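Hi,

Here is the structure I promised to pass on to you.

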Amino acid sequence: MITIAAPHPPFGHPLPQGERGKEVIGSAKNLFTTPADKHTLEVYPLSAGKKQLKKLSFFPSPLAGEGARRAGEGYCHIFIIFLFLLFSPTLFAAPAHNIYNFKTVKQQNQFDELTQNLRCLVCQNQTLAESNAPLAQDLRAQIFQMIQNQKSNQDIKNYLIQRYGNFVSYTPPFNPSTYLLWGLPGLLLLIGIFIIRRLSS
Amino acid sequence: MKIKFMLFIPLILFMIVCAFLWRGLSLNPREIPSPFINKPVPGFSLPELYHSDRKFNSQELQGHVSLLNIFASWCISCRVEHPVLMDIRSQKTVLIYGLDYKDSRDTVLKWLHKSGNPYQKIGFDETGNTAINLGVYGTPETFVIDKQGIIKYKYIGPITEDVWQSELQPEVQKLARED
């Protein structure tokens with residue numbers, strides 16, 4: 001038999017009066033832990049059921065009335081997460097094509113497709129569409145110009161590959177130096193099938 | 001016996017992957033190989049920094065071994081490599097040409113006046129479009145160009161005394177011996 005006190009919720013919010021200090025008693029085999037709270041070991045009897053568990057792991061909102069707090073009903077953390085999302089910088093981010101005036105939606109889509117599939121050379125983990133590096137801005141301007149001149153996607157990609165190499169493109173070409181890269185997944189699959197067949201026969 | 005060998009295949013594959021990853025640790029992902037190696041310098045014609053009415057053409061890079069250094073007065077690492085360029089100029093082994101990238105004329109003239117001008121001629125690339133045609137993605141970058149105007153080597157980042165002696169100077173000397 002183990003005796004473990006009911007957990008205290010994180011961030012110092014007091015538990016509802018009814019739950020505080022309540023001892024949960026059970027034998028080891030009908031106890032289980034929840035990963036919800038890493039600060040304290042939470043142990044509930046299985047008989048407590050899902051409903052009660054939910055009440056305990058959701059700590060009550062400080063905005064809620066005494067009654068609600070007592071009942072353990074509060075979605076304070078959801079509210080806080082919502083607030084963070086509401087004020088996150090990405091909400092105010094504008095798509096890269098916003099500063100350009102496209103004649104048609106098709107041209108705008110072409111611009112989006114290209115800039116989202118080409119790598120920025122300065123901030124290498126960003127696409128040309130995402131990056132704010134001055135070079136990315138210049139390259140976007142060039143891509144816009146080329147779109148105005150009715151250049152095709154392949155022409156524009158070639159223009160950049162000619163200057164910056166295959167590094168700018170997210171899809172590597174199929175040539176002798178990349179045979180291994182393209183072929184390896186299939187090769188490994190074949191090796192795997194071969195091994196499994198040998199082992200099972 | 002065969003089955004036992006098969007059991008080691010995952011380990012062998014794992015070690016091969018490790019070997020590649022280990023090699024990757026000592027590679028610099030910022031150094032992107034230039035597609036212009038062994039190709040002629042892309043044609044350009046830029047206003048000269050000191051005489052805006054005159055032009056600096058890419059054809060002028062033919063007939064001798066030269067360095068084409070892309071720099072800017074706002075670029076801190078260019079200031080770091082500047083003394084080395086001054087040194088190279090004083091050795092008179094190679095001519096250094098400059099490409100001033102997205103700069104303000106006044107600032108760069110003041111800076112060169114104060115700390116010295118290692119360049120034979122400087123092209124003023126205000127828009128940065130010539131640099132894009134050269135595949136430049138940062139400053140400083142330096143091309144080593146042979147007598148035929150073919151790009152033979154590209155160094156990305158500031159040239160230090162060490163880089164000059166171990167990488168660029170041997171290349172320059174090799175190209176100078178060729179016809």
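Predicted model: local features only at pLDDT ≥ 70, side-chain atom pairs only at ≥ 80, totals over all residues.

Residues are numbered from 1 along each chain as its sequence is written, and chains are lettered from A and ligands numbered from 1 in the order in which they are written.

Chain A has 7 helices and 4 strands (DSSP runs numbered from the N terminus: H or I of at least four residues for helices, E of at least two for strands). Along the sequence the pattern reads β-β-β-β-α-α-α-α-α-α-α. Of its 201 residues, 17% are buried, meaning that 20 or more other C-beta atoms lie within 10 Å of the residue's own, with C-beta atoms placed from the backbone (12 or fewer is exposed, in between is partly exposed).

Now look at helices α4 (residues 105-116) and α5 (residues 134-148) of chain A: they pack at about 140°, with axes 10 Å apart. Axes here are lines fitted to C-alpha atoms, for helices over the stretch in contact, and angles run from 0 to 180 degrees between N-to-C directions. Residues that meet there include A:Phe111 and A:Leu114 from α4(A), and A:Ile143 and A:Phe144 from α5(A).

In chain B, an open sheet of 6 strands runs in the order β1-β8-β7-β4-β5-β6, with mixed pairing (two strands pair if DSSP finds at least two bridges between them). β1 (39-40) and β6 (121-125) of chain B are at the edges with a single partner strand each, so one side of each has no neighbour in the sheet. Strand β5 (residues 95-101) of chain B has 5 of its 7 residues buried, so it is largely enclosed by the rest of the structure. β4 (residues 66-71) of chain B pairs with β5(B) in the parallel sense over 6 bridges, and B:Phe71 stands opposite B:Asp100.

How many residues does each chain bring to the contact? Chain B gives 14 residues and chain A gives 14 residues, where a contact means C-beta atoms, placed from the backbone, within 7 Å. On the chain B side, α1 (2-7) and α5 (129-133) of chain B each supply at least two residues.

Enjoy exploring!

Note on methods:
Contact = placed C-beta atoms within 7 Å.
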